[in-house]
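Here is a briefing on one protein model. Look over the sequence and the structure first.

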Amino acid sequence: MQIDIIGVPLDFGAGRRGVDMGPSALRYAGLRQGLAALGHQVTDLGNISVPLLETCTMGDPHLKYMQPIVDVCQRLAERVNTSLEAGHLPLVLGGDHSLALGSVMGAAQGRRLGLIWLDAHGDFNTHETTPSGNIHGMPLAAICGLGAQELVTLGGRLREGAKVDPHNIAIVGVRDLDAREKPLLRASGVAVYSMETIDRLGINEVMHRAIEVASRGTDGIYLSLDLDGIDPMFAPGVGTPVPGGLTYREAHLAVELLAETGRLIGLDIVEVNPILDHRNTTGELAVQLALSACGKRIWQEL
Ligand SMILES: [Mn+2]
C-alpha cells in the first residue's frame with residue numbers, strides 16, 4: 001500500500017490547547033518507520049500550514065474560530081482528494097476533530113463513502129445546539145449536511161446537503177452525548193453503537209455491524225478515529241476524557257477487523273494532546289492503532 005501521512009496541527013476546534021502538537025507526537029512515536037516495516041511505501045507530506053491561534057480572532061462564540069478552521073479544511077480536503085486520486089491511502093494526523101470536515105469531505109468528493117466514527121462523543125452538534133461553541137463537537141453533523149452553511153459547504157466550495165449518506169455512517173464507542181445533539185442524531189439515520197451496546201454484544205459483533213453499515217453500496221470506508229473513544233486509562237492525553245471507553249485490545253480489534261475488509265481507503269487519527277499526556281502514552285497508542293489499521297497483526301499464519 002502507498003500511504004501519505006498528512007499532519008494537521010489544528011487546535012482551533014478544541015477547548016483545551018496542545019492538540020496542535022499531536023502530529024509531532026505521532027511522528028516521534030515512530031509512525032513512518034512502523035508503517036514501512038509492514039512493507040508499505042510511506043511518504044510524509046508534512047503538515048498543512050495552520051496559523052497560530054494567537055494571530056486569529058474567535059468570531060462568533062457559537063462557532064469559535066470558524067474562519068481559520070474552514071480555511072485549513074479546504075486545503076486538507078484538496079490534499080486528501082489528491083492522495084485518493086493517486087490510489088494512495090491518506091493518513092491524517094490531528095489536531096482536533098474539526099479537521100474531519102476537510103478530510104472526510106475531501107474523501108467524499110466523487111466517491112460514495114462509508115464512514116466509521118470512533119469516538120466518546122457524537123460530534124453531532126450544530127451552532128444552535130452546542131454548549132461550548134467548539135467546532136470539534138460539530139463535524140459529523142456538518143458532514144451530514146446539518147449546521148452552519150460555512151461548515152457544510154466548506155466556505156462555499158461544496159454543495160449543500162450531506163457529503164456522506166447518514167445511512168452509511170456508524171459511530172462506535174459513544175458514551176457522552178449533549179442533551180440537544182441527541183434528538184438531532186436520532187433523527188439523522190446514523191447508526192450509533194454506544195459503549196453499552198459494545199458491553200452487551202462485544203466489539204467483534206459491533207464492528208461487523210458498523211462495517212456492514214459503512215459498506216452497503218459504498219466505494220470504500222473512511223475511519224475517523226478520535227483517541228477519546230478509548231478509555232482514558234489507555235489514552236490519557238486527550239482534551240475531553242470520558243471514563244468507560246474501549247480497552248486497549250477492543251480498540252485494536254476494531255481497527256484490525258476494519259483492515260481485514262480491505263475496504264479502508266483513508267483515516268484520521270485525532271485529538272492526541274501531548275500536554276495532557278504521560279510520556280507520549282497516547283501518541284504511542286495512536287501509532288499502534290494506525291499500524292493495526294494498516295495490516296499489523298500479533299500473529300499471522302503463513
Ligand atoms: Mn471527536
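This is a predicted model: local features need pLDDT of at least 70, side-chain atom pairs count only at pLDDT 80 or more; totals for chains, interfaces and linings use all residues.

Residues are numbered from 1 along each chain as its sequence is written, and side-chain values use heavy atoms, with hydrogens and water left out.

**Manganese site**

- The manganese ion has four named protein donors: His-97 (ND1), Asp-119 (OD), Asp-123 (OD) and Asp-226 (OD), at 2.0 to 2.3 Å.
- Donors are N, O and S atoms within 2.8 Å of the metal (3.2 Å for Na, K and Ca); water is not among the atoms, so sites may look incomplete.
- Along the chain, the donor spacing reads H-x21-D-x3-D-x102-D.
- Asp-119 sits in the loop between β4 (113-118) and α5 (139-143), and Asp-226 in strand β7 (residues 220-226), so the pair links parts of the chain 107 residues apart.
- Helices (H or I, at least four residues) and strands (E, at least two) are DSSP runs, numbered from the N terminus.
- Asp-119 and Asp-226 are both buried (under 20% relative accessible area; exposed is over 50%, partly exposed in between; 1.4 Å probe, protein chains only).

**Largest pocket**

- The largest pocket holds about 250 Å³ of space.
- Its lining has 18 residues, and His-121, Ser-132, His-136, Gly-137 and Asp-178 are the closest to its centre.
- A pocket is an open set of points on a 1 Å grid over the protein atoms alone, where a 1.4 Å probe fits, with protein on both sides within 12 Å along at least five of seven lines; lining residues have an atom within 4 Å of a point.
- The lining comprises 1 nonpolar, 10 polar and 7 charged residues, with Asp, Glu, Lys and Arg counted as charged and Gly among the polar ones.

**Salt bridges**

- The model has 10 salt bridges (a side-chain nitrogen of Lys or Arg within 4 Å of a carboxyl oxygen of Asp or Glu).
- Glu-54 pairs with Arg-17, with the closest N and O atoms 3.2 Å apart.
- Glu-54 lies in the loop between β2 (41-47) and α3 (66-85) and Arg-17 in the loop between β1 (2-8) and α1 (22-28), so this pair ties together parts 37 residues apart in sequence.
- Asp-11, Arg-17 and Glu-54 are linked in a network of salt bridges.
- Arg-75 and Asp-71 meet at 3.0 Å, N to O; both lie in helix α3, 4 residues apart, about one turn.
- Glu-196 bridges to Arg-200, both in helix α8 (residues 195-201).
- Arg-200 is exposed at 65% relative accessible area, while Glu-196 is partly exposed at 47%.

Conventions
Grid points are joined across faces, edges and corners, and a volume is the space filled by probe spheres set on the points.
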